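This report describes a few local features of one protein structure. Please look over the sequence and the model before reading on.

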Amino acid sequence: MSEDNHDEVHMTTPELITKHGYIAETHHVWTEDGYRLELHRVLRKAQGRNSGTTSKETQNEIISKPDSEHLLGSAQSESPPLQVKEESTPKVRLPILINHGLLSSSADWVLLGPQKALAYVLCDCGFDVWLANVRGNTYSQCHKQYSTKDKEFWDFSWHEIGIYDLPAMIDYILEKTHQTSLHYIGYSQGTTTFYVMCSERPEYNDKVKGMVSMAPIAFLSNQRSPLIKFIVRFYILMEWGSAYCNIHQWFPRNRLQAKALGTLIRNTPGQLTKSFYSCWFYLVAGFGSNQLDKSMLPLIFGHFPGGSSAKQIIHYSQVILSDSFRKFDYGTSKNLKLYGSSQPPKYCLERVKVPVAVFYSENDFLTQAADVQRLVEKLPNVVIKHKIEYSKFNHIDYLWGRDAKTLLYAHIVDFIKKYN
């Protein structure tokens, strides 16, 4: 691992963006139920007065100030995908919100570095890129009333992320950019929460031009991950631990953890490193892919996992066991009080009216083809269903695959340009 990458293990997402030669902005957004979310914005280096650059004092942090508006301008590329063509008359840059998966953060979209990571690919193509951090992850652990030590802070699943976090971020971005709609890219849980939002708050369909679903998750009955299968077997134990042992947060990230994992991986012989990688990734994502550069492992584990609530994982376990995409199951008594029925209601996928591009892969243990097809049949406006051409492409290759740019990101850029 290079010295530069060693330094990046301990950097925040904005620090990584800056180090990679871009401009980073940090924005804070408050949800209706009191959580403060952190958005990271990626801008290209100065290209004139209207390029979206800010003064030195505001490059690193913009904290929801009413007067912190920025002029947005850059060329929309009309050259082949992934190439930026400058134009003499800058256009307003189309905002894109990218949302991470379970246990992750905004760092996922920049770790591959310039010209490779999705955030930079989109930025170089002339888009205004915003990276989400949902409640409970390492960047979004602030609440108006509760601290992370309070069980009330962690009383949320991906349902609340869908009905509160995504609408708050979308409204904030549209206000800051003076736009009426944006594009949304979701990965794994980031797709789940979008489906929840459009099902429960269908008025947000009008605020999204197009939605990219990478490794979409709504139905999971055919998932093949041995690790997930093992966890689901202990579903009752997870509920018990959350209710009676005050275990409400799973896999939090801290600097000590990042340093320890990085040191362990760097100093472990190659074969053991491979075994470590297999335990954490192959068992969840899928075996056999050659897409991950193993020298990136210390960097990845410096930023992953990013933390989540136990309730998020319990909710996914319920989806698997019930073979249904539905709201959280609190048990018959509480269900009757909350929902008016003994069983949780299903999410209405027919309300997702936004044009959707679905990208899935054959070797992804979490998104099996039959489950993807079931989702596609429920969604009313799927305009692209694309199976990634490399047969071994797995669940983490969407983030850190060495060929993700050509196998996946080029198609995403094409879709966004078509529905611009």
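P380 sits in the loop between α13 (369-378) and β11 (382-387). The model is a predicted one. With a relative accessibility of 43%, P380 is classed as partly exposed, because that class covers values between the 20% limit for buried and the 50% limit for exposed.

Leaving aside residues up to four places away in sequence, P380 is in contact with L349, E350, V352 and K353. A distance of 8.5 Å separates the C-alpha atom of P380 from that of V354, and these two residues are 26 apart along the chain.

## Salt bridges in the structure

Side chains of opposite charge can pair when their charged atoms come close. Searching the whole structure gives 13 salt bridges. Among them is the pair R201 and E32, whose closest N and O atoms are 3.1 Å apart.

## R41 and D128

Another salt bridge joins the side chains of R41 and D128, with an N to O distance of 3.0 Å. R41 is part of strand β2 and D128 is part of strand β4 (residues 128-131), so the pair links parts that lie 87 residues apart in sequence.

Are these two residues buried or exposed? R41 is buried, its relative accessible area being 2%. D128 is buried as well, with a value of 0%.

K311 is found in helix α11 (residues 310-322), while D155 is in the loop between β5 (142-143) and α4 (158-177), so the pair ties together parts that are 156 residues apart in sequence. K311 counts as buried, at 10% relative accessibility. D155 has a relative accessible area of 49% and is partly exposed, because a residue counts as exposed only when the value is over 50%.

Terms used
Residues numbered from 1 in each chain as written. Predicted model: local features only at pLDDT ≥ 70, side-chain atom pairs only at ≥ 80, totals over all residues. Heavy atoms only, no water. Helix = DSSP H or I, 4+ residues; strand = E, 2+ residues; numbered from the N terminus. Buried < 20%, exposed > 50% of the residue type's maximum accessible area, 1.4 Å probe, protein only. Contact = heavy atoms within 4.5 Å. Salt bridge = Lys/Arg side-chain N within 4 Å of Asp/Glu carboxyl O.
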